[in-house]
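Keep the viewer open while you go through them.

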Amino acid sequence: DCFMDPTTAQIIKKMDEIATPAIQGFLPVIIDKMTGFKLSQWSAQGKKAYEQEMIEWEKEKNLIMAFSQAEIARKVNNFLNVAEKANKYVNQSKEFLIKDDNDVFWGLLEHSKGISNEDVQDLIAKIIASEYNAPGACSMSTLHTLKSLSKKELENLTFFSNFYLSEYGFLKDFFGMDEKSLSLRVKLKIDYDDFLGLQELGLIQSNDYTMSINIKKDFVFAINYHDEKLVFKATKDFEKWNFPSCYKLTNAGREILEHLDKKKSPDFKEWVNDFFNKKGFNTLLS
């Protein structure tokens, strides 16, 4: 029997868990590319055989000389956790088409080594899978933003997505100091500093925007609130009516938001209806 220290044993235990099921498609290619391990070979070998292979691989690569064993174990475990999670979302019928110059894909995998939080790992895994399924789906700006994204900031973005109007963004007036907006934010425990933090991180644009259009009485328009349409009808003619100012998501913000668990707030929906009603629009459907 070969001697293994606790760190090596942890890595081997993890590899054993992954190598046990039928190996095909995404996972073995990724692990082979990033580590040199060949899961397909290991799954056919006895446990002792690949334990010895593991030790020899460590010696050949001189990883122990470059990093402490604790750091290696953490990085390997993080990477394997993300790879396992991503494996659930990839299209297993797709041929592996990721090229070596796809810096976003390989950069995401490299970044995964330093992420231990489960929620952030889940997000990175989903983005890795989306890039695998459709190369080019993820931008370099998203990769750069993810490198600065902590668990707290991810929680904040998920929370604020409850007040996001698809195609428009976040209504600037929602953060105003009028009594109704202020009381609702207090009720929902909304901290505007957290919103500013997401802007500073590059997830939400710092500058607001609006649009000016001429509207005739009975003009109808809809606002998408996640999977629901809020429909309004003009009660009079408007000349050069300015649509309320909004903060849009950045490109990175949009790509990340696609993978978050978004929920609707009945209180916010009521606020939106009341907001447009006061501006001269009747609610038709919400």
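Of the protein's contacts (heavy atoms within 4.5 Å) with a separation of 6 or more, 77% are between residues 24 or more positions apart. We're working with a predicted model, where local features need pLDDT of at least 70, side-chain atom pairs count only at pLDDT 80 or more, and totals for chains, interfaces and linings use all residues. Residues are numbered from 1 along each chain as its sequence is written, and side-chain values use heavy atoms, with hydrogens and water left out.

**Exercise 1.** Work out how many helices and strands the protein has.

*Solution.* Take helices as DSSP runs of H or I with at least four residues, and strands as E runs of at least two, numbered from the N terminus. That gives 14 helices and six strands.

**Exercise 2.** Find how α10 and α12 are oriented where their axes come within 10 Å.

*Solution.* 
- Start with the axes, which are lines fitted to C-alpha atoms over the stretch in contact, with angles from 0 to 180 degrees between N-to-C directions.
- For α10 (residues 151-160) and α12 (residues 192-201), the crossing angle is roughly 110 degrees. So α10 is roughly perpendicular to α12 (the class for 65 to 115 degrees).
- Next, the residues: α10 brings E153, N156, L157 and F160, while α12 brings D194, F195, L198 and L201.
- Sort them by type, and you get five nonpolar, one polar and two charged (nonpolar is Ala, Val, Leu, Ile, Met, Phe, Trp, Tyr, Cys and Pro; charged is Asp, Glu, Lys and Arg; polar is the others, Gly among them).

**Exercise 3.** Decide whether N81 is buried or exposed, and list what it touches.

*Solution.* 
- Locate N81 in helix α6 (residues 69-87).
- Its relative accessible area is 14%, so N81 is buried (under 20%; exposed is over 50%, partly exposed in between, with a 1.4 Å probe and protein chains only).
- Leaving out residues up to four places away in sequence, N81 touches K14 and Q121.

**Exercise 4.** Give the strand order of the open three-stranded sheet and find its edges.

*Solution.* 
- Strands pair if DSSP finds at least two bridges between them. The order is β1-β5-β2, with antiparallel pairing.
- Five bridges join β2 to β5 (residues 238-247), and I215 sits opposite F238 in β5.

**Exercise 5.** Describe the hairpin of β3 and β4.

*Solution.* 
- β3 (residues 220-225) and β4 (residues 228-234) run antiparallel, joined by six bridges.
- N224 has K229 of β4 as its bridge partner.
- Two residues lie between the strands, and H226 takes a positive phi near 60 degrees.

Notes: Angles under 35 degrees count as roughly parallel, over 145 as roughly antiparallel, 65 to 115 as roughly perpendicular and the rest as oblique.
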